[in-house]
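Here are some notes to read beside the model.

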Amino acid sequence: VTSVQSIKRTSIAALESLSGQSDLRTLRLQGVCARTRLQLVLALRHAKRHALRTLLERTTLKQRMDETASYEVRELCETDLEHGFPELLAQLTQTGTLPLSFWRERYRLRQQLPGTYVTLVAVESATKRVTATATLLIEYKFTRSCGQAGHIEDVVVDAAHRRRNLGSRLVRELCARARDQFKCYKVTLDCVEENEAFYAKLGLERKGVQMVRYFRI
Ligand SMILES: CC(C)(COP(=O)(O)OP(=O)(O)OC[C@H]1O[C@@H](n2cnc3c(N)ncnc32)[C@H](O)[C@@H]1OP(=O)(O)O)[C@@H](O)C(=O)NCCC(=O)NCCS
């Protein structure tokens, strides 16, 4: 009879074939004591659970890599304005009805403010459409020894592409840039209650109260 330790190392297929009642009966016939039989059963259960968990984790990881591999993540460029960027933002909030020339002008204005805006997009490789976006705005403060604070804004993933890790990929990258590139001491963002769990998974936590006043302009 193989030792409990080596059984743990046995492949899941072999374990499957060993775990039936008939195998345990065979062991009893072979004179294996009750204590060893019990250890064997527990070891089999543990090994099966462990192997299954590892298999599941690997599959999920691979699935995620496959999913994100079909998108290119990069900074927004002007041509994205004609490839779904305005329509995507319209899934988040009101964007108005201004012609494309206004969007271009706004894009160029932001380009003239270096070190202030980082807008990332995820572009679907097959269609070249913008399917997700998120922006980091850098605030240059007097406080915190003239430090920087990052503000994450306008996070949205196209409805047909949600739950494929795109939102988290963009927010994660913006957080990394805020910390490493701009030396921000924090990043903050406002969100609705339903999205709290999404951001919590990315290491953000609830703090304070958001206040807002809208103006009629
Ligand atoms: C919120 C949003 C950006 C999430 O993007 P996404 O690409 O679908 O999310 P991801 O696939 O990266 O999800 C990452 C994890 O968060 C979870 N998650 C995603 N959205 C969630 C939500 N609303 N509530 C709870 N968990 C959520 C996912 O299940 C996943 O969990 P896992 O790692 O345990 O599997 C997207 O749903 C969206 O665009 N919503 C509409 C616009 C919006 O609300 N924007 C946020 C403004 S603050």
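1. Start with E196, which is partly exposed, with a relative accessible area of 30%. The model is a predicted one. E196 forms a salt bridge with R206, and their closest N and O atoms are 2.7 Å apart. E196 lies in helix α9 (residues 196-200) and R206 in the segment after α9, so the pair ties together parts that are 10 residues apart in sequence. R206 is exposed, at 56% relative accessible area.

2. How many salt bridges does the structure hold? The count is 11 salt bridges. Side chains of opposite charge can pair when their charged atoms come close.

3. R104 and E82 also form a salt bridge, with 3.1 Å between the closest N and O atoms. This pair links distant parts of the chain, 22 residues apart: R104 is in helix α6, and E82 is in the loop between β1 (71-75) and α5 (85-89). R104 is partly exposed at 23%, and E82 is partly exposed at 45%. A network of salt bridges links E78, E82, R104 and R108.

4. Is D80 buried or exposed? D80 counts as buried, because its relative accessibility is 3% and the limit for buried is under 20%. The side chain of D80 meets that of R74 in a salt bridge (2.8 Å, N to O). R74 is partly exposed, with a relative accessible area of 23%.

5. The count of disulfides is zero. C175 is in no disulfide; its nearest cysteine sulfur, that of C184, is 9.8 Å away.

6. L109, L113 and Y117 make a nonpolar surface patch of about 250 Å². L113 is found in the loop between α6 (100-111) and β2 (117-124) and is partly exposed at 38%.

Definitions and conventions. Residues numbered from 1 in each chain as written. Predicted model: local features only at pLDDT ≥ 70, side-chain atom pairs only at ≥ 80, totals over all residues. Heavy atoms only, no water. Patch = residues over 30% accessible without salt bridge, like charges linked within 9 Å, V, L, I, M, F, W, Y side chains within 5 Å. Areas by Shrake-Rupley, 256 points an atom, 1.4 Å probe, with all protein chains shown as cover. Salt bridge = Lys/Arg side-chain N within 4 Å of Asp/Glu carboxyl O. Helix = DSSP H or I, 4+ residues; strand = E, 2+ residues; numbered from the N terminus. Buried < 20%, exposed > 50% of the residue type's maximum accessible area, 1.4 Å probe, protein only. Disulfide = S-S within 2.5 Å.
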